[in-house]
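Hi,

Here is the structure I promised to pass on. Have a look at it first, and then read my notes below.

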Amino acid sequence: MFSNYLIGLREGLEASLVVCILIAYLVKTGRRDALKPIWAGIAVAITLAFGFGCALEFGSQELTFRAQEALGGSLSILAVGLVTWMVFWMRRTARHLKSELHGRLDAALAMGTAALVATAFLAVGREGLETALFVWASVHAASDGTPRPLLGVALGLLTAVLLGWLFYRGALRINLARFFTWTGGMLVVVAAGVLAYGFHDLQEADFLPGLTDKAFDISGTLPPDSWYGTLLKGVFNFQPDPTALQAAVWLLYLIPVLALFLAPTRTTAPTPVRDKA
C-alpha cells in the first residue's frame, strides 16, 4: 500500500504543482479571464488519464491468461521506462519548472483560447497518462485481492492535491529539488520491483524462459502471507521465491539507475571573459 501511496503522491504532486503555477501566474498577471480554458484543459487531461486507466484494467480482463500476462509484462516494462525518464527529468528541471511553464503560458496567451486549453492539457495530460500506466502496473504487481493498492493510490493523490493547494496559498514551502530527489530515489526502488514482476509476467506467458529456475526460495523463513511478508510485498514488490531472471533484472536496474540518480549533478563553470588588448 505504501508504494502505491508514494506513486500517487509523487505523480499527483507534479501535476498539482503544474496546475498551481499556471493558475497563480494568471491571477498575478490579471488574466483571470484565461482561467476557464486552463481548467477545461485540465479536466480533459484528467478524464483522458482516468479513461486510459479504465481501458487498461477492464480491457485486459477480456484477454486469455497468456495474453493478460504478456500485456501486463510489456506495459510494466514500458511504465518503468517512462517513470525512470520522468524522475531524471524532474531532478534536472525542478528548479526551472516555474520559468519554463511561464514561458509556455505567455506564448499560449498570445495565441488564444485553444492554445490555453492545449497548454493545460499537455502539461497535465503527460503526468496523468504516466501515472495511470505506472499505477496500473504497480497495482497489478502488488495485487493481493484487496482494494488496499488502489486505496494507497487514492490517498496519495488526495495528499498531493492538498499539498498543491497549500503551495498555492503560500502556507507550505519546502525544497522541491530535495523533495523530488528523495521521492524519486524511493520510486526507483519501487520501479525495480515492478520491472522484475513484468519480466516474471513474460515468463508466465512463455515469452521468456526460466520460469522454474529460482534464484532462491525463502518462503519458509519469510512467508508471503505473513504481516512482514505482506509489508515487503506492498512496499518493494518483494517476492520470496523469484526466478533467476527476476533477481538479475532487479539488480541490473536498481544498482546503476539509483547510483546515477543519486550522483551529484555537475554544474558547468562559467567561461572566463578575457579583456581585449
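**What I found**

From the N terminus on, the elements run α-α-α-α-α-α-α-α-α. That comes to nine helices and zero strands. Before you go further, keep in mind that this is a predicted model.

Some overall numbers to start with. The protein has 277 residues, and 45% of them are buried. Its accessible surface comes to about 15100 Å², with 68% of that belonging to carbon and sulfur atoms. If you take the contacts with a separation of 6 or more, 82% of them are between residues 24 or more positions apart.

On to the inside. The largest nonpolar core has 29 residues, and Val80, Val87, Phe134, Leu187 and Tyr253 are those with the most contacts inside it. At least two residues of this core come from each of α1 (2-28), α3 (65-93), α5 (113-142), α7 (176-204) and α9 (244-262). The largest share is supplied by α7, with eight residues. There is also a second, separate core of 22 residues, and Val18, Val19, Ala123 and Val124 are among them.

Setting aside its neighbours within four places in sequence, Tyr253 is in contact with Val80, Thr84, Val188, Ala191, Ala192 and Leu195.

The side chain of Gln203 makes a polar contact with the side chain of Thr243, at 2.9 Å. Beyond its neighbours within four places in sequence, Gln203 is in contact with Leu208, Pro209, Gly210, Leu211, Thr243, Leu245 and Gln246.

Last, the annotation. The unreviewed UniProt entry gives "transmembrane region" for residues 38-58, 70-88, 108-129, 149-167, 179-199 and 244-263. I checked two of these spans against the model. Residues 70-88 are 100% helix and 0% strand, with the end C-alpha atoms 28 Å apart. For residues 244-263 the figures are 95% helix and 0% strand, and the end C-alpha atoms lie 29 Å apart.

Cheers

Note on methods. Residues are numbered from 1 along each chain as its sequence is written. This is a predicted model: local features need pLDDT of at least 70, side-chain atom pairs count only at pLDDT 80 or more; totals for chains, interfaces and linings use all residues. Side-chain values use heavy atoms; hydrogens and water are left out. A nonpolar core is a set of buried Ala, Val, Leu, Ile, Met, Phe, Trp, Tyr and Cys residues joined through side-chain atoms within 4.5 Å. Buried means under 20% relative accessible area, exposed over 50%, partly exposed in between (1.4 Å probe, protein chains only). Helices (H or I, at least four residues) and strands (E, at least two) are DSSP runs, numbered from the N terminus. Contact means heavy atoms within 4.5 Å. Accessible areas come from the Shrake-Rupley method with a 1.4 Å probe; for residues, only the protein chains shown count as cover. UniProt positions are given in the numbering used here, feature names are shortened, and annotations may be inferred rather than shown by experiment. A polar contact is a pair of N or O atoms within 3.5 Å; within protein, one must be able to donate a hydrogen and the other to accept it, and residues adjacent in sequence count only if both atoms are side-chain atoms.
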